[in-house]
Amino acid sequence: MRITEIHTHVLAQELDEPFGMSQWFWRSRGACLVEVRTDEGITGWGECYGPGKSNAAIIAELFTPALMGRDPIERTVVWQQLYNRTRDYGRKGLPICALSGIDIALWDIAGQAAGQPIHRLLGGPFDTELSCYASTFYYPADGEDLAALERDAEALLAKGFRAAKMKVGGASAAHDAARVARARAVLGPEIGLAVDSNRAHTAAKAIAFGRRIEDHDILWFEEPVAPEDITGYQEVRRALAMPIAGGESEYTSFGFRDFLAARCVDIAQPDLTACGGITEGLRIAALTHAAGVSLYPHVWGSAVGLAAALQFTAALPDTVPSRGTTRPLIELDQSPNAFRDDLSDLHTGPVTRVPDGPGLGITIDREVLARFSVPD
């Protein structure tokens, strides 16, 4: 089998209502999907994190010439050669995101060629369905913060979610603490609640905020400080009793090696569409397993990235097996996203079935793809 064509699909969706986190408001959604075709009629799909046109340009200029005519089953060889090709200037950031999309597509092809879902190729599954947490409680553009928070809480309860994550860091510590308290009051004590500051704090401010909210039984405090601030992560983790999470802004096993060696987090959150794809995700998982750290994948983009996370997570062994072990939770963003909801036949909910078809196990709706595609 040989690679004959590589296409990138840059997608954009304008939103009716912006929604915010600590750094900015989102007024549109975007994605870059990678389509790899072969001479045996098998097509694989991948996804790249970050700006769509930039990822597409990297794939077209740097990776496509090196991939044409290659055997897509040789994905480990391909990964190393593409990584090494950009090593001088691409060890983190967009080149790795672009490589991630290629890698996921090659795993999709491998599964289809074998007639097996990816989780079977990985030696799983430990799970045929996975619990998801609602990533919600964003900042509304109109400023009606607490009222919107209550509506979001009631909506996720009505859908049956048993865990949720809320954005913090975009307001004063006092106001954010009030938001956490209101969310906990509406959700009640039985629903898990995590907070995510998207790197909004210094270590001192993160510690002070964590102490304000620690009585609300927080599942984890995500990205409390900037990803470069290793010492800050260490200080926050030592000071707070709640678990600390992070890693969506880290790349490859080399980056996670240092992040984990510094004991920065209790929960590592690589994003398969950013960290190097499934091939590199497996190396990162081996590091977290050896370090005694849980791995909950970060998920943000389309159904392709979500399907990859489901396949990957279903095959993850428990960090510390026991009868009381809690399996990893899958992030299920609740903001408007046609690329997640309409692009494929993947059905999601508080408990989501891991697709059992070959490869990623999903079918892409090309009409939806065409509707949101951005012209070259």
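1. Strands β1 and β2 form a hairpin, with 4 residues between them; here strands (E, at least two residues) and helices (H or I, at least four) are DSSP runs numbered from the N terminus. This is a predicted model, in which local features need pLDDT of at least 70, side-chain atom pairs count only at pLDDT 80 or more, and totals for chains, interfaces and linings use all residues. Residues are numbered from 1 along each chain as its sequence is written, and side-chain values use heavy atoms, with hydrogens and water left out.

2. The antiparallel strands β1 (residues 3-20) and β2 (residues 25-38) are joined by 13 bridges, where pairing requires that DSSP find at least two bridges between two strands.

3. The open sheet has 4 strands in the order β3-β2-β1-β5, with antiparallel pairing. Its edge strands, each pairing on one side only, are β3 (43-48) and β5 (139-140). Between β1 and β5, which run antiparallel, there are 2 bridges, and F19 has P140 of β5 as its bridge partner.

4. Helices α7 (residues 203-213) and α8 (residues 230-239) pack with their axes 9 Å apart, at an angle of about 25 degrees (axes are lines fitted to C-alpha atoms, for helices over the stretch in contact, and angles run from 0 to 180 degrees between N-to-C directions). The contact (heavy atoms within 4.5 Å) is made by A203, A206, I207 and R211 of α7 with G232, E235, V236 and A239 of α8.
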